[in-house]
Amino acid sequence: MIIQTGMRTDIPAFFSEWFYKRIQEGFVMVRNPYNTTSVTRYSLSPEVVDLICFCSKNPAPMFKQMDLLKPYGQYWFVTITPYGMDIEPNVPSKEKVMEDFIHLSENVGANSIGWRYDPILINDKYSVAKHISDFERMAGKLSGYTDTCIISFIDLYQKVIRNFPKAKTVKKQDRHTIVKEFVSIADTYGMKIKPCGEGKEYEIYGADCSGCMTKGTYEKAIGCKLDLPKKKPTRQECACFLTGDIGSYNTCSHFCRYCYANYDKRTVLQNQRLHDPDSPLLIGNIMKNDVIHEAKQTSWKNYQLSFDFL
């Protein structure tokens, strides 16, 4: 099975102590965000967890106990954009995150880490030309430490519109200019551009539109075939295979203006006060009315010899 940690919050940045306690105790519980009395219990045994997928803007707090992750396959997505505190108020400096990216790549291997340059937004400060210039500088720095760069353009969800009313959809001409230039630059530095949730529109420029959290991505990371169960994609334009996210919405303190996972800052701060590092839940504790369900888990590894991994 694959455990996801980053679709709802940034666990490495803000909850690393809690996460490592869950690893040591061997299980985690997750409250259903749409049915709050329903709780799922996941085993974290390496016998059933084939890979843990992380998404973070600041992986450094995880570095102290990385040895605890050695029994597991890992895949890391680290987001590095050109935005400053006006857009990403609590994200560390980009130079620091790039150094941490390199350190992480040296620890887990270049096949187990991808760079996310997303979401791409355009305004007076962050022009098309600036994105292209900053992307080239970052790609040069990260060259050799990953072969994958995920990109996407800002989506104007209701939460985004409320928290970032000045955000605008990126014009089609600008999107095509950016992708075309990014593909060319990435190729120079040994990387492949993978648009996330953008359909097949950019294949004409050489972008890999097969998805980012895919079967192939995971297999390459662990060096083993996976027999994944059939699962419908969360969005028609998305080919990613997503299961078992252990995070919680309204808990990320980066407070990025474009965030889809936070309702507002006040709600995040309220939830932070409910966080207990010793609880099996990320936020709060088990209540007497909770109904706990045991997740059905099994290893998906297929050890049959394959020349793809030789």
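# Legends to the close-up views

**Figure 1. Second largest pocket of the predicted model.** The second largest pocket has a volume of about 330 Å³. Strands β2 (27-32) and β3 (35-43) are the elements that give two or more residues to the lining of the second largest pocket. The largest share, 4 residues, comes from β2. By class, this lining holds 8 nonpolar, 8 polar and 3 charged residues. A pocket is an open set of points on a 1 Å grid over the protein atoms alone, where a 1.4 Å probe fits and protein lies on both sides within 12 Å along at least five of seven lines; lining residues have an atom within 4 Å of a point. The volume is the space filled by probe spheres set on the points, which are joined across faces, edges and corners. The model is predicted: local features need pLDDT of at least 70 and side-chain atom pairs pLDDT 80 or more, while totals for chains, interfaces and linings use all residues. Residues are numbered from 1 along each chain as its sequence is written, and side-chain values use heavy atoms, without hydrogens and water.

Figure 2. Strands β2 and β3 form a hairpin with 2 residues between them. They run antiparallel and are joined by 6 bridges. Within this pairing, V30 stands opposite T40 in β3, and V28 stands opposite Y42 in β3. On β3, R41 has E294 in β10 as its bridge partner; the pairing of β3 with β10 is parallel and extends over 4 bridges. The three elements make an open sheet in the order β2-β3-β10, with mixed pairing. Strands β2 and β10 (291-294) stand at the edges with a single partner strand each, so one side of each is left without a neighbour in the sheet. Neighbouring strands of this sheet are turned by 25° against each other on average, direction ignored. Strands pair if DSSP finds at least two bridges between them; strands (E, at least two residues) and helices (H or I, at least four) are DSSP runs, numbered from the N terminus.

Figure 3. An open sheet of 6 strands has the order β1-β4-β5-β6-β7-β8, with parallel pairing. Its edge strands, β1 (2-4) and β8 (192-195), each pair on one side only. On average, neighbouring strands of this sheet are turned by 25° against each other, direction ignored. Strand β5 (residues 73-79) runs parallel to β6 (residues 113-120), and 4 bridges join them. The bridge partner of T79 is R116 in β6. Helix α6 (residues 172-188) lies across β6, β7 (148-153) and β8, and runs at about 175° to β7. Helix α7 (residues 215-222) packs on the sheet and touches β1, β4 (51-56), β5 and β8; the direction of α7 makes about 120° with that of β5. Contact means heavy atoms within 4.5 Å; angles run from 0 to 180 degrees between the N-to-C directions of axes fitted to C-alpha atoms, for helices over the stretch in contact.

**Figure 4. Largest pocket of the model.** The volume of the largest pocket is about 1200 Å³. Its lining comprises 43 residues, of which G6, M7, R8, R116 and Y260 lie nearest the centre of the largest pocket. The elements β4, β6, β7 and α5 (158-163) give two or more residues to this lining. Strand β6 provides the largest share, 3 residues. The lining of the largest pocket divides into 22 nonpolar, 11 polar and 10 charged residues. In these classes Ala, Val, Leu, Ile, Met, Phe, Trp, Tyr, Cys and Pro are nonpolar, Asp, Glu, Lys and Arg are charged, and the others, Gly among them, are polar.

**Figure 5. Salt bridge between E25 and R22.** The closest N and O atoms of E25 and R22 are 2.9 Å apart in this salt bridge. E25 and R22 are separated by about one helical turn, because they are 3 residues apart in helix α2 (residues 16-25). A search of the whole structure finds 16 salt bridges (a side-chain nitrogen of Lys or Arg within 4 Å of a carboxyl oxygen of Asp or Glu).

**Figure 6. Backbone details at P119 and N250.** The peptide bond from D118 to P119 is cis, with omega near 0°. P119 is located in strand β6. N250 is not a glycine, yet has a positive phi of about 60°. This residue, N250, is found in the loop between β9 (225-226) and α8 (265-274).
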